Amino acid sequence: MAETSPPKAAPGSTAVVVSGTTVLAPSGDLDLLTAPTLSARLDDLTNGPSPDVVLDLRAVSFIDCAGIAVLCRARNRVRARCGRLRLVTDSAHFLRILRHVRLDGVFDLLPGLPPTADGGTLVREATRG
């Protein structure tokens with residue numbers, strides 16, 4: 001009998017809103033199997049006017065072209081609605097991927113969660129995996 005690997009968990013979909021900024025923190029793999037879940041969640045979060053979204057990618061362990069496509073689509077939706085999308089990452093590997101696909105200057109990249117308008121710090125809510 002052949003061994004099968006467990007199914008991959010979809011990225012977390014819990015978001016927290018602080019001072020008008022929505023923070024979404026997916027975890028695990030962001031690939032062909034899980035990208036549609038994150039894409040649908042980002043569609044919901046970027047549906048209104050002037051969305052302000054922080055996507056905390058520090059718990060994402062793997063990203064492929066499907067995951068990159070989700071990020072590009074979210075960026076385009078946010079820009080079309082005069083909003084802002086920021087990606088939080090401390091992964092040299094992810095930054096190298098962005099450089100290789102010539103997207104390193106396209107996203108607003110942060111090493112950690114940004115401060116809020118009132119000087120506090122955005123919080124990262126635990127996500128469901």
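Where is the place of threonine 89?

1. Threonine 89 sits in the loop between strand E6 (84-88) and helix H3 (92-100). Helices (H or I, at least four residues) and strands (E, at least two) are DSSP runs, numbered from the N terminus. The model is predicted: local features need pLDDT of at least 70 and side-chain atom pairs count only at pLDDT 80 or more, while totals for chains, interfaces and linings use all residues. Residues are numbered from 1 along each chain as its sequence is written, and side-chain values use heavy atoms, with hydrogens and water left out.

2. Threonine 89 counts as buried because its relative accessibility is 6% (buried means under 20% relative accessible area, exposed over 50%, partly exposed in between; 1.4 Å probe, protein chains only). Not counting residues up to four places away in sequence, threonine 89 touches Arg58, Phe94, Leu95, Leu109, Leu110 and Pro111 (contact means heavy atoms within 4.5 Å).

3. A polar atom of the threonine 89 side chain lies 3.1 Å from the backbone nitrogen of serine 91.

4. Most residues other than glycine have a negative phi. Serine 19, in the loop between strand E1 (15-18) and strand E2 (21-24), has a positive phi, near 50 degrees. Serine 19 is partly exposed, because its relative accessible area is 49%.

5. Arginine 102 also is not a glycine and has a positive phi, of about 60 degrees. Arginine 102 belongs to the loop between H3 and strand E7 (108-110). With a relative accessible area of 72%, arginine 102 is exposed.

Terms used
Polar contact = N/O pair within 3.5 Å; in protein donor to acceptor, adjacent residues only side chain to side chain.
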